[in-house]
Amino acid sequence: MAKKRDYYEILGVSKTASKDEIKSSYRKLAKKYHPDNKETGDEAKFKEVQEAYDVLFDDQKRSAYDQFGHAAFEQTGGGPAGGNPFSGFSGFGEDINLGDIFGSFFGGGSSRARRQTGPIRGEDVLMRLRIDFMDAVNGKDEEVSFDFDDDCPHCHGTGAETPDDIKTCSTCHGRGTITRQQRSLFGVVNSETVCPDCGGTGKIISKKCSVCGGTGHKKVKKTQKIHIPVGINNGQQIRLQGMGGAGSNGGGHGDLYIEINIKDHQYFKRERNDIHLDVPLDFVDAILGTKIEVPTVNGDMLVTIPEGTQPGQVLRLKGQGIKDLRTGKPGDQYIHLDIKSPTSLNKKQKEALLAYQEASKKEESRFAKFKKMFKK
């Protein structure tokens, strides 16, 4: 049997990580390894990440894991030193509630049943929005449309045709759980489970809503205005609170996360908050120097090309990049000079270059200096 990896290692968090840090890491890894992700999807790793999150995000399970490791969740025991973590207990009475003993360690028993019968928050939902390059640079307001499980207008979320069709469950008497007794080596053991008749709601619907079929929700097309902040980068998300999946048992909706995908620009290339731009330049302007108006994400800017500029030289325009999403501090723009020599010359151009060549004969050419290096 393969040895299980450490849950903290799987999520890439420290043992002192907060619940927010655990949740943030889980979201990133779940998105990366989800089987639907054609590039990095990995079903085995996705299940591994899900298992680690289920334990570390639950305070009781995390406490048990920190104390006993993976052995805390093995049915055959195996606490510290391979023994049963409860082997030190003795003298149990005749009436024992498994949830009181094992629930605090495993998250099971009655404590688990109570969580299932209470309000359950809906799932978070992820959608992607593709925007233009300059909209990410300057920011803008955008309208997005998405499917939303709204409360049914007929039953107002109850799932019943009328209020009189909602009855208290006769099996659990509205508790949502039932207690079963079973004899064991410990004596009579009480185990609390979710009521099989009402599913933990404590209510029975005698006649389901004719509009939603008893779900309590109706799928609608919702349009929401969102603000795309200045400087947002590819893959960053905008959160719409309460716009995710519907909850159950009176639980609220989850959140909707909108992941921003930015279209490439024809000329500008983004690197964090910096901009890179290839600029063509005639070789004469590079030799003699000149002034040119260079496009930036903030508009055209007059730039001095120094005399004797060489091919591949890079000029930096400080503060002409993209403003940082959090600090507002702008990056820089880098101009990559692409110096071109002409492929054909007219008569006057040839004469001028020949005159330059003649004037330079007294000086040793660069190639001649280069060739001498091989004769040493």
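Glu142 and Lys140 form a salt bridge in which the closest N and O atoms are 3.2 Å apart. This pair belongs to a predicted model whose protein chain contains 10 helices and 16 strands. Of its 376 residues, 33% count as buried. The accessible surface of the protein chain amounts to about 24500 Å², and carbon and sulfur atoms contribute 50% of that area.

**Overall organisation**

- Among contacts in the protein chain with a separation of 6 or more, 61% join residues 24 or more positions apart.
- The structure holds 18 salt bridges.

**Salt bridges**

- In the pair of Glu142 and Lys140, Glu142 is partly exposed with a relative accessible area of 22%, and Lys140 is partly exposed at 28%.
- Asp149 and Lys219 also form a salt bridge, with their closest N and O atoms 3.1 Å apart. This pair links distant parts of the chain, since Asp149 lies in strand S3 (residues 140-151) and Lys219 in strand S8 (residues 217-228), 70 residues apart.
- Asp149 counts as partly exposed at 24% relative accessibility, whereas Lys219 is exposed at 56%.
- Arg5 and Glu48 meet through their side chains in a salt bridge of 3.1 Å, N to O. Arg5 lies in the segment before helix H1 (7-11) and Glu48 in helix H3 (residues 43-56), so the pair ties together parts 43 residues apart in sequence.
- Arg5 is partly exposed, with a relative accessible area of 36%, and Glu48 is partly exposed, with 22%.
- A network of salt bridges links Arg27, Arg121, Asp124, Arg239 and Asp255.

**A buried loop residue**

- Ile322 is located in the loop between strand S15 (314-317) and strand S16 (333-340).
- Ile322 counts as buried because its relative accessibility is 0%, under the 20% cut-off.
- Beyond its neighbours within four places in sequence, Ile322 is in contact with several residues, including Val137, Gly231, Arg270 and Pro330.
- The C-alpha atoms of Ile322 and Thr296 are 10.0 Å apart, and the two residues are separated by 26 residues in sequence.

**Helices and a surface patch**

- Helix H9 (residues 347-359) has 13 residues and spans 18 Å from its first C-alpha to its last, close to the 18 Å expected at 1.5 Å a residue.
- The N-terminal end of H9 is capped by Asn346, which has a side-chain oxygen 3.2 Å from the backbone nitrogen of Lys348.
- Val284, Ile287 and Leu288 form a nonpolar patch on the surface, with about 280 Å² of accessible area together.

Definitions and conventions: Residues numbered from 1 in each chain as written. Predicted model: local features only at pLDDT ≥ 70, side-chain atom pairs only at ≥ 80, totals over all residues. Heavy atoms only, no water. Helix = DSSP H or I, 4+ residues; strand = E, 2+ residues; numbered from the N terminus. Buried < 20%, exposed > 50% of the residue type's maximum accessible area, 1.4 Å probe, protein only. Contact = heavy atoms within 4.5 Å. Expected span 1.5 Å × (residues − 1). Polar contact = N/O pair within 3.5 Å; in protein donor to acceptor, adjacent residues only side chain to side chain. Patch = residues over 30% accessible without salt bridge, like charges linked within 9 Å, V, L, I, M, F, W, Y side chains within 5 Å. Areas by Shrake-Rupley, 256 points an atom, 1.4 Å probe, with all protein chains shown as cover. Salt bridge = Lys/Arg side-chain N within 4 Å of Asp/Glu carboxyl O.
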